[in-house]
Amino acid sequence: MNNTGSWEKNVRKVVPYTPGEQPKCSGIIKLNTNENPYPPSPHVKAVLDNYDCGKMRLYPDPDSTVLVEAIAERYNVKPSQVFAGVGSDDVISVAFMTFFNSDKPVLFPDITYSFYDVWADVYRIPYVQKPLTEDFRINADDYKCENGGIIFPNPNAPTGCEESLEMIEDILKANPDSVVMIDEAYVDFGANSALSLIDKYENLLVIQTFSKSRSMAGMRIGYAIGSEKLIRYMNDVKFSINSYTMTPITQLCGAEAVRDEQYFQDTVNMITETREYSKKKLAELGFTFPDSKSNFIFASHKEKAAAEIFAALKERKIFVRFWDKPRISNYLRITIGTREEMDKLFSALEDILK
Ligand code: PMP
């Protein structure tokens, strides 16, 4: 090679986020990335069936108006309080860039969504991870020190634990000078949303997604709801990077999905019922787990190591998630699938554990 200058010293070097495996082979039971086992609303299919491909010549609506208005109506807020993005990963990434812009550290739990530290690193944002308690709970007092912002999921991932709105409000009261983000990717499976607090706290940003409770992980739709001021600041940053982030098909499908409230309620109910059934089954098999309000259960077996169970399940074409990380290396995060898929998991576990 001829041209060996020192250009590499100026590269923005990062250790990227590792997404859950998306296996290419068929016939597997996929309980590793918290996807919804049911298809999206039939109204979404109707959009696709009737879509005029001629429209692809045109750029999409940069404001995603049809989607933003449908979300605003569903959550009883103004469209100017909604920011839509390409999955909540995109929304959170824009929010990090917009609001976490201080020399003081951003705070989030030590055990949480493992993308937060990656965004902080890529944007050069200082951060401190606050240890969860022994039973995986957030201690509000940890978030009452000087900081450049706060984020955590509620329910938390990968633990599934829900924190109360009183606790969230306690943190908000102590932090009028920071933006507090609550990542509600899993809130629809039985937790209380902090959306009820947005009129009271101008600095509260609530982030949700279509990937879990609306069965549309592949479509990539996420959104943030907050004060008009927060949303304006996020749009300023978004429109400084890429205006046309969401395809017209995505916008239309998302709007139809959010309007089909009955289908949403029905599928969420099926999943929460299967989750409660799965809790009983896992307990019978000798697993312990924090009580989950999400579409997954974070389980540890009292005798057999998580790494071994993970490998044995994979051999049987059942994928769950495992992290070889401090404090959680003896846990498996098991996504709630259909009742049939869960029964196959339990038979496999019985076999592995006997
Ligand atoms: N937040 C949490 C806590 C998550 O687990 C996920 C899913 N990986 C996301 C955000 C991002 O989801 P999406 O980009 O599909 O909306």
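Mentor: With a definition: on a grid over the protein atoms alone, a cavity is a set of points where a 1.4 Å probe fits but cannot get out, and its lining residues have an atom within 4 Å of a point. Keep in mind that this is a predicted model.

Trainee: How many cavities of 30 Å³ or more does a search of the whole structure find?

Mentor: The general idea is that rolling a probe the size of a water molecule over the atoms shows where empty space is left. Here the search finds 1 cavity of 30 Å³ or more. The largest cavity holds about 60 Å³ of space.

Trainee: Which helix gives the most to the lining of the largest cavity?

Mentor: Helix 8, residues 261–284, gives the most, with 3 residues. The lining includes Tyr263, Phe264 and Thr267, and also Pro39, Pro40 and Ser41. By class, the lining has 5 nonpolar, 4 polar and 2 charged residues.

Trainee: Now the pockets. How much space lies in the largest pocket?

Mentor: About 820 Å³. Its lining counts 37 residues, and those nearest the centre are Tyr17, Tyr113, Tyr186, Arg321 and Arg333. Helix 3 (residues 87–99) supplies the largest share of that lining, 4 residues. The lining divides into 15 nonpolar, 12 polar and 10 charged residues.

Trainee: And what lines the second largest pocket?

Mentor: The second largest pocket has about 290 Å³ of space. Its lining has 18 residues, and Thr18, Ser114, Arg321, Phe322 and Trp323 are the closest to its centre. At least two lining residues come from each of helix 4 (116–122), helix 9 (306–315) and strand 12 (321–322). The classes are 8 nonpolar, 4 polar and 6 charged.

Trainee: Next, the packing. How do I read a helix for its buried residues?

Mentor: An α-helix has 3.6 residues a turn, so residues three or four places apart point the same way. Take helix 2, residues 65–75: Leu67, Val68, Ala70, Ile71, Ala72 and Tyr75 are buried.

Trainee: What do the buried residues of helix 2 pack against?

Mentor: They pack against strand 2 (82–85), strand 7 (204–209), strand 8 (222–225) and helix 7 (248–259). Asparagine 76 follows helix 2, and its phi is positive, near 60°.

Trainee: How many residues has the largest nonpolar core?

Mentor: In soluble globular proteins, nonpolar side chains tend to be buried together. The largest core in this model has 50 residues, and Ile71, Val82, Phe136, Leu204, Phe210 and Ile225 have the most contacts inside it. Helix 2 gives the most to this core, with 6 residues. Apart from this core lies another, of 32 residues, among them Ala157, Val268, Leu285 and Ile297.

Trainee: What does phenylalanine 210 touch?

Mentor: Leaving out residues up to four places away in sequence, phenylalanine 210 touches Leu67 and Ile71, among others. Its contacts also include Met216, Ile221, Tyr223, Gly254 and Val258.

Trainee: Last, how many disulfides does a search of the whole structure find?

Mentor: A disulfide is a covalent bond between the sulfur atoms of two cysteines. The search finds 0 disulfides.

Trainee: Are cysteine 53 and cysteine 253 buried or exposed?

Mentor: Cysteine 53 is exposed, with a relative accessible area of 53%, whereas cysteine 253 is buried, at 0% relative accessibility.

Notes. Residues numbered from 1 in each chain as written. Predicted model: local features only at pLDDT ≥ 70, side-chain atom pairs only at ≥ 80, totals over all residues. Heavy atoms only, no water. Buried < 20%, exposed > 50% of the residue type's maximum accessible area, 1.4 Å probe, protein only. Contact = heavy atoms within 4.5 Å. Disulfide = S-S within 2.5 Å. 1 Å grid on protein atoms, 1.4 Å probe; cavity = no way out; pocket = protein on both sides within 12 Å on 5 of 7 lines; lining within 4 Å. Points joined across faces, edges and corners; volume = space filled by probe spheres on them. Nonpolar A, V, L, I, M, F, W, Y, C, P; charged D, E, K, R; others polar. Core = buried A, V, L, I, M, F, W, Y, C linked by side-chain atoms within 4.5 Å.
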